[in-house]
Structures are given as C-alpha cells and as structure tokens.
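Work through the exercises below with the model open beside you, and try each task before you read its solution.

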Amino acid sequence: MMLFTNTPGTPLKALAASAAFGLLALAAASAQAQTNVTIYGRVDAGVDYQTNVALKDANGNPTGQTGSKLAASGNQWGTSMIGFKGTEDLGGGLGAFFLLESGFDATKGTTNGSALFNRRSYVGLNGSAGSIKFGKNLFIVNDVWNLDPTGQQFMSTQNLVKGRNWPGANNVIEYQTPTWGGFNATMQTSLGEKAGSTKNGRSDGISLVYATGGFELRAIYDVIRDANGRYTDVYTASKDLIVGGTYTVDKLKLFAGYENVSAPDTAAATDPDKINHYWIGANYAVTPALTLIGAAYHAKLNHDAGSASLFMVGANYNLSKRTLLYVDVGTVRNKGNADFGTEFDSPLPGHAQNAGYAGISHSF
C-alpha cells in the first residue's frame, strides 16, 4: 500500500501527481502478466560548465557583460524520464498499444513542463498495414536524432537552430507504414484546434528513411504554423527540410546532414528568415564499452544576421547495459550578430563560448 501525507508547504498539485504516478505503477505491476505493461525510465545528471554567458540584470535585460557558469547538469546527455507502455494482441495480426512518458530534471526533481505526461501520451493500433496513433508525441522533426553524431545531446544539431528540431506536439494523428525493402515512411499532423481554420496553430510533417547494409538515408520535411497559420519566426513557426545519412563500417559510424529552415512571413526585414545548417561527425567504438564522438556543425543566417560554427568531442563509457558515464566538451564561434550558445545560455552576439559537461545516465 502507498500512503501520501500532506506536509506544510507541499503543493496539492504535486501530491496529486505523485499519487497518479503511484497508482499507475501499481496498475502496471498488477497487469504485467496479462497485458504486457512495462515501466521504464532513465535518470541523467552531472556537472556542467560554460564560459562567456551573457549576463542580465534583475529585470532580465542584457548588461553587456559576460561571466562563466558552473551548474549541475540535468538532461545534457539525454532526458531523464519515467514511462509506462503496454501492448495487447487482438488476434489476426492486429495489436493495440499505449505509451505514457514524462520527462524531468533530476537535479531539481521538477518535471519538464506542467503536463503530467509532458513528452508522450498516445494510444494506437498496429498490424500488417502499419501503425496509427493518437495523442501527444514528440514532433516528427525529432527524427533528426538518427542523423546526429551525438544523439541530440545539448551540444548537437539543435544548437544552431535554437531547438527548432526539438519540439513536442499535441493533438497528434500519426501513421507509419510497414517497412518495404528497407523503406519506411511516417506522417504526422498536430491539430491546431482553432475554430474557423484547419491551419492556424497546426503542424505537419513526413519522415522518409531507407536503410540497406551499412547505409541509412533519411529525409524529413515539416511545417510549424503560428496561431494565425503563418510562418513568422525561423525558430518557432517555420518550414524545415532535413536530408542526410549515416554509414557504418566495422567500429566506425559516419554522419552527414543538411537542414534548411525558412519563415517567409517574418515581419521585420532585418530579422533572419532563412537558415542553412550543415554537419558532419563520427562515432568510433574503441571497445564494446567505450565510444568516442566527434562532430562539427555550421549555420549561416540571411539578412546579415551572422553565422556560427560548433565543434564538439566526447566519450561514452558503459559500466553496464544500464549505466553510462559520459563527458563532452565543445566550442561555438559566432560571427556578426549571431549569438548561438553551446547550450541554452547564450554569449553576446559575435562572441565565442566554450562548454563541457560530464555525468551519469542510468536506465531502467
């Protein structure tokens, strides 16, 4: 039996969330044998250091000065999460499935957003014709993970587009085809649910992949519209095309990719409305436990908004199948008015920034 008591200063909302997780865990445990329900997760934390962070005053305004920042790291290598997933065989090759997943910051014990399941919460069916799901999911552009040498760490393909390829999506309808001769396609729409318009606030995308031997080729196209159905900001409401591939030979895996982001409805003529983003990288398995990582990224913005290059190297060391040690260092070099950061704390425009983080990731 699980008991919950309200101590002074403990928010009722937090207690309710704890109770919900507890009940779900109990339900999952009792249903394990009958419905194939699994509880899974990951806890990731460590230490992080950045130089030349742009300082702000008490009102959040830039002071024109910079300083170094030492902090506990949460989610730099990968998101801490807890999830529940299950499947049921309906017969005739048809199956039902569900997934509930919430991300959190292990250094503070806080969730990544106000929603109880802030990463995924969907239900669906799969069979010989593919699979269809309804609910909340990561937006389809997150498939860029497969093209990223770091696996989308904090220093990754997300930096030079300021997280444009990291968003989640609500009100999702998603269909994935079966795999035919190495080819697979996924289509996703995130309904805007605005009366009088089917476009306002809606996002759509398609991800195509072809894999054969050691090659994998991938193309992703997606659009994120603002509340008025327009493309007004390259980082938050824009069109995005990504193409790239990987090649694995023995212990070496090579990566290359290109991304073009455009926001044709950007209002200010001086704001960038296009980004061209390129990257290359490699993973090398020195031993079954130790993998070395290296990557280089470059982005150029139009309208004299500048350009930037990010370089990083790192290492993953598996103590076991579930416990991983990691260390990564990197530098970003901004030119012109560009102010991209090695992580989410940016430098002043045109300034460089160095960073490093190390930590432990344990999966269960």
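The two exercises that follow concern a predicted model, and they go from the whole protein to a single residue.

**Exercise 1. Describe the overall build of the protein.**

Solution. Then look at the extent of the C-alpha trace, which spans about 60 × 55 × 55 Å along the principal axes. Continue with the contacts that have a separation of 6 or more, of which 53% are made by residues 24 or more positions apart. Finally, turn to burial and surface: buried residues make up 43% of the 364 residues, while the protein exposes about 17900 Å², with carbon and sulfur atoms supplying 59% of this area.

**Exercise 2. Locate Gly83, decide whether Gly83 is buried or exposed, and list its contacts beyond four places in sequence.**

Solution. First, find Gly83 in strand β3, which covers residues 80-91. Second, apply the cut-off for burial, which is a relative accessible area under 20%; because the value for Gly83 is 0%, this residue is buried. Third, leave out residues up to four places away in sequence, and you will find that Gly83 touches Thr38, Ile39, Tyr40, Leu100 and Glu101.

Notes. Residues are numbered from 1 along each chain as its sequence is written. This is a predicted model: local features need pLDDT of at least 70, side-chain atom pairs count only at pLDDT 80 or more; totals for chains, interfaces and linings use all residues. Side-chain values use heavy atoms; hydrogens and water are left out. Helices (H or I, at least four residues) and strands (E, at least two) are DSSP runs, numbered from the N terminus. Buried means under 20% relative accessible area, exposed over 50%, partly exposed in between (1.4 Å probe, protein chains only). Contact means heavy atoms within 4.5 Å. Accessible areas come from the Shrake-Rupley method with a 1.4 Å probe; for residues, only the protein chains shown count as cover.
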